[in-house]
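This report looks at a few local features of one protein chain, taken in turn. The sequence and the structure are shown first.

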Amino acid sequence: MSRQTVLGGLPLARNLRGRRFQALALALTLVIAALVVPSLPVTRTGVGVLAVVDITGSMNVRDYAADGRPASRLETAKAALRRLVADLPCGSRVALALFTERRPFLLFEPVEVCAEFAPLDGALAALDWRMAWEGDSRISAGLYRAIEMAAGLGTDLLFVTDGQETPPLPAGQVPPFEGRPGAVRGLIVGAGAYGLSPIPKFDDRGRESGFYAETDVQQENRFGPPPADAESRAGYNPRNAPFGAAAAQGSEHLSSVREGHLKQLAAITGLAYAHLDGPGGLDRPLIEAATPRPLPGRIDPRPALGALALALVLGVLLAGPLRGVAPRITRFTPTHRLRFRKA
């Protein structure tokens, strides 16, 4: 026997240098590490937010697209919120409310997005314009009350709306905000395209029956003091016709995202603003606008270590048979020719 110790018919030194041996040794090391390595502490940045969704009639306007088909603002907002909830880190908390008329209605208080993902996602999917209890859409009043609600819940605010006030604001004047700007952080999300689109009209049974016409909606708010140009209107009378004698005309029966109005409300309240471009993209603007909330957690590296060890072992086992079936090529030498002739 030689001076070298033989292992499996091969010198030990050659086995130690072999790739199969090294791969198996690394797999064994990973298995041992998976048994003894503890979970690692990490800190993520989460959010605590009250999501308020406008479900008034103009949110039925189909000026988005999904899978090549027209999609309403409400359906697009729902898809964006469902994706947002799915992408938020565990430990984040979300509350949900509806907005119609002049105030939000709280559906449920903040819940953890991972432990309560199924009911939260189901509630977002079930949002419907038929849940509205009034037809008006006083965006300013609803936003101010939503800020109060978020403050009471101890959360930030995510307010999704197209910004169309129905009826229009008197003389276009935004109601004063009585709260402290910036006391509640959050994001106003403007839903809808920038061009005007018709608003779908529904009958008493909820079936679509066409679109609103100019005479179907209030084109001007004639409560309160008359506008500055009232005296120049036809039929103006300071007592009997302070807004003029002719019926108001306008485009309130058509709808677009009222971005200027929403940005003005954001400046008044200290909130941020972002436009809803589609079913995704709310994560970054919300994280930037919301209050950072450190979420302590742990990462368990053992599944990854075990999977890597298994992959190495399988690679070694598969490489052996493949190498064994490779064809052996023997050179045909003149000696072979001589033996063939003798035969």
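Does Val160 count as buried or exposed, and at what relative accessibility?

The model discussed here is a predicted one. Val160 has a relative accessibility of 2%, and because residues under 20% are classed as buried, Val160 counts as buried. The residue is found in strand E9.

Leaving aside residues up to four places away in sequence, Val160 touches Val52, Val53, Asp54, Ala77 and Val189.

## An aromatic pair between strands E7 and E9

Four aromatic pairs are found when the whole structure is searched. One of them joins Phe99 to Phe159 in a tilted arrangement, with 5.7 Å from centre to centre and 55 degrees between the planes. Phe99 belongs to strand E7 (residues 93-100) and Phe159 to strand E9 (residues 156-161), so the pair ties together parts of the chain that are 60 residues apart in sequence. Both Phe99 and Phe159 are buried.

## Packing of helices H3 and H4

Two packed helices are described by the angle between their axes and by the distance between those axes. For helix H3 (residues 73-87) and helix H4 (residues 117-125), the angle is about 170 degrees and the axes are 9 Å apart. Since angles over 145 degrees count as roughly antiparallel, H3 is described as roughly antiparallel to H4.

On the H3 side, the contact is made by Lys78, Leu81, Arg82, Val85 and Ala86, and on the H4 side by Phe117, Leu120, Asp121, Leu124 and Ala125. Sorted by class, this contact of H3 with H4 has seven nonpolar residues and three charged ones, with no polar residues.

## His253 in the loop between E13 and E14

His253 is found in the loop that runs between strand E13 (208-211) and strand E14 (254-255). With a relative accessibility of 13%, His253 counts as buried.

The surroundings of His253, again without counting residues up to four places away in sequence, include Pro198, Ile199, Tyr212, Ala213, Glu214, Val217 and Gln219, which His253 touches. With Gln219 there is also a polar contact, made between the side chain of His253 and the side chain of Gln219 at 3.3 Å.

Definitions and conventions: Residues are numbered from 1 along each chain as its sequence is written. This is a predicted model: local features need pLDDT of at least 70, side-chain atom pairs count only at pLDDT 80 or more; totals for chains, interfaces and linings use all residues. Side-chain values use heavy atoms; hydrogens and water are left out. Rings of Phe, Tyr and Trp (its six-membered ring) pair if their centres lie within 6.5 Å; planes under 30 degrees apart count as stacked, over 60 as edge-to-face and the rest as tilted. Helices (H or I, at least four residues) and strands (E, at least two) are DSSP runs, numbered from the N terminus. Buried means under 20% relative accessible area, exposed over 50%, partly exposed in between (1.4 Å probe, protein chains only). Contact means heavy atoms within 4.5 Å. Axes are lines fitted to C-alpha atoms, for helices over the stretch in contact, and angles run from 0 to 180 degrees between N-to-C directions. Angles under 35 degrees count as roughly parallel, over 145 as roughly antiparallel, 65 to 115 as roughly perpendicular and the rest as oblique. Ala, Val, Leu, Ile, Met, Phe, Trp, Tyr, Cys and Pro count as nonpolar, Asp, Glu, Lys and Arg as charged, and the others, Gly among them, as polar. A polar contact is a pair of N or O atoms within 3.5 Å; within protein, one must be able to donate a hydrogen and the other to accept it, and residues adjacent in sequence count only if both atoms are side-chain atoms.
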